[in-house]
Amino acid sequence: FWGIRSNYHGIPTDCPQRDERHGWLGDHAVGALGESYFFDNERMYSKWMCDIEECMSEEGWISNLSPRAWDAYRYDVTWPSAYFYITGMLYEKFGNLEIVKYRYDSMRRWMKLMQGRMMEDNLIVFDKYGDWCMPPEGPEIIHSMDPARQTCGPLIGSAVFYDLLGVMERLAEALGKNADAAEYETLANAMKLAFNKKWLDREKGCYDNNTVTANVIPLQVGLVPDEYKTAVVSNIVDVTTRVWDTHVSSGVLGMSHLMRGLTDNGAVDLAVKLASTDTYPSFGYMARKGATTIWELWNGDTADPAMNSHNHIMLLGDYVVWLYEDLAGIRNTSTGFKSFELRPVFPDALSYVNASYDSPY
């Protein structure tokens, strides 16, 4: 709560205390949804979507930070995805169709640009940041250099772009643009075939080098064929428990899906363990070391201070969404929370959950 609040300054910044202090898109790609359970953030994020469009290049590239304080066009998918996820959130969570009308043309323009310039054989070929700030192999290191820990950037970019096609399909349908919606669906189907052909290891039931991030993102965005879901989930659990000794192993992108991914697939007790452990790397470790806000790095107490903030919300991932939508079970079933369901999960380790949400209705 404090970390989110102290980073709201008319734009959602990444941190309040050093020379960056900008509206980095990647930090809020999924964070905005969780934040909306704490704060009525519709107007601020609607305004920020306008900033993002105004910072687009003449060709249609999206800046990785908005307002654009320096040249931050990186031609990747993951950070610009915030423009799409947040616009979708504003429609689904608050019923704001006007923001979709205003932003749709620029969103479609970027999708077309990426399809024409950054795709080969129906897959994205580049991603600059990858699974940013995953736990490194040494206490003083900022970014891991270990290939076994790293997740393939094009795999992440392709999975996220596939998910954005679903967002665009839903928004196009809301605007009555049925031909556009059909176009997104057709490309998504082609991407799913290409994705699984390239990265799915059918013998092991995992993706690429079997990191948690490489498995959980495809699982949660709907890329995993039904007959491989059980194996993919088993690999996520196995790598988390056996290789990582029941600790998180993901950075900002993997954490966007991890807690809900485990819970959606029968491993809520493991999710609770990850949320409650207090040894490195974990949220509890930060708290045990005196943190009152989330760190930028899992090893923020020992890493090189060159890039090391003690007030960053990006590693929160889907944690807040998980608290409200899974543990408390408060789920939106229509645009603007006009209808909802209560479907809490009941982990063995918890005796009660107490939560409330003030919806637009």
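Me: What is the relative accessible area of Asp 304?

Reply: This is a predicted model, in which local features need pLDDT of at least 70, side-chain atom pairs need 80 or more, and totals for chains, interfaces and linings use all residues. Residues count from 1 along each chain, and side-chain values use heavy atoms, without hydrogens or water. Asp 304 is partly exposed, a class lying between buried (under 20% relative accessible area) and exposed (over 50%), with a 1.4 Å probe and protein chains only. For Asp 304 the value is 38%.

Me: Where is Asp 304 found, and which residues is it in contact with, beyond its neighbours within four places in sequence?

Reply: Asp 304 sits in the loop that joins α12 (283-288) to α13, where helices are DSSP runs of H or I with at least four residues, strands are E runs of at least two, and both are numbered from the N terminus. Ile 141 lies 163 residues away in sequence, yet its C-alpha is 6.4 Å from that of Asp 304. With those sequence neighbours set aside, contact (heavy atoms within 4.5 Å) links Asp 304 to Glu 140 and Ile 142.

Me: At roughly what angle do the axes of α2 and α13 cross?

Reply: Helix α2 covers residues 31-38 and helix α13 covers residues 319-327. From α2, Leu 33, Gly 34, Tyr 37 and Phe 38 meet Val 320, Val 321, Tyr 324 and Glu 325 of α13. The axes (lines fitted to C-alpha atoms, for helices over the stretch in contact, with angles from 0 to 180 degrees between N-to-C directions) come within 8 Å and cross at roughly 55 degrees.

Me: And within what distance do the axes of α3 and α4 come?

Reply: In helix α3 (residues 42-54) and helix α4 (residues 81-94), the axes cross at roughly 150 degrees. The α3 side of the contact includes Tyr 45, Trp 48 and Met 49, while the α4 side includes Tyr 83, Ile 86 and Leu 90. Beyond its neighbours within four places, Ile 86 also contacts residues including His 28 and Ala 32. The axes of α3 and α4 come within 10 Å.

Me: Is Leu 187 buried or exposed?

Reply: Leu 187 belongs to helix α7 (residues 178-199). Apart from its neighbours within four places, its contacts are Gln 115, Met 119, Asn 122, Phe 161 and Leu 165. Because its relative accessible area is 11%, Leu 187 is buried.

Me: What relative accessible area does Asp 180 have?

Reply: Asp 180 is also a residue of α7. Apart from its neighbours within four places, it is in contact with Tyr 104, Arg 108 and Ala 172. Asp 180 is buried, and its relative accessible area is 16%.

Me: Which helices are included in what covers the buried residues of α11?

Reply: Helix α11 spans residues 268-276, and its buried residues are Val 268, Leu 270, Ala 271, Val 272, Leu 274 and Ala 275. Their cover includes α9 (229-243), α10 (258-264) and α13.
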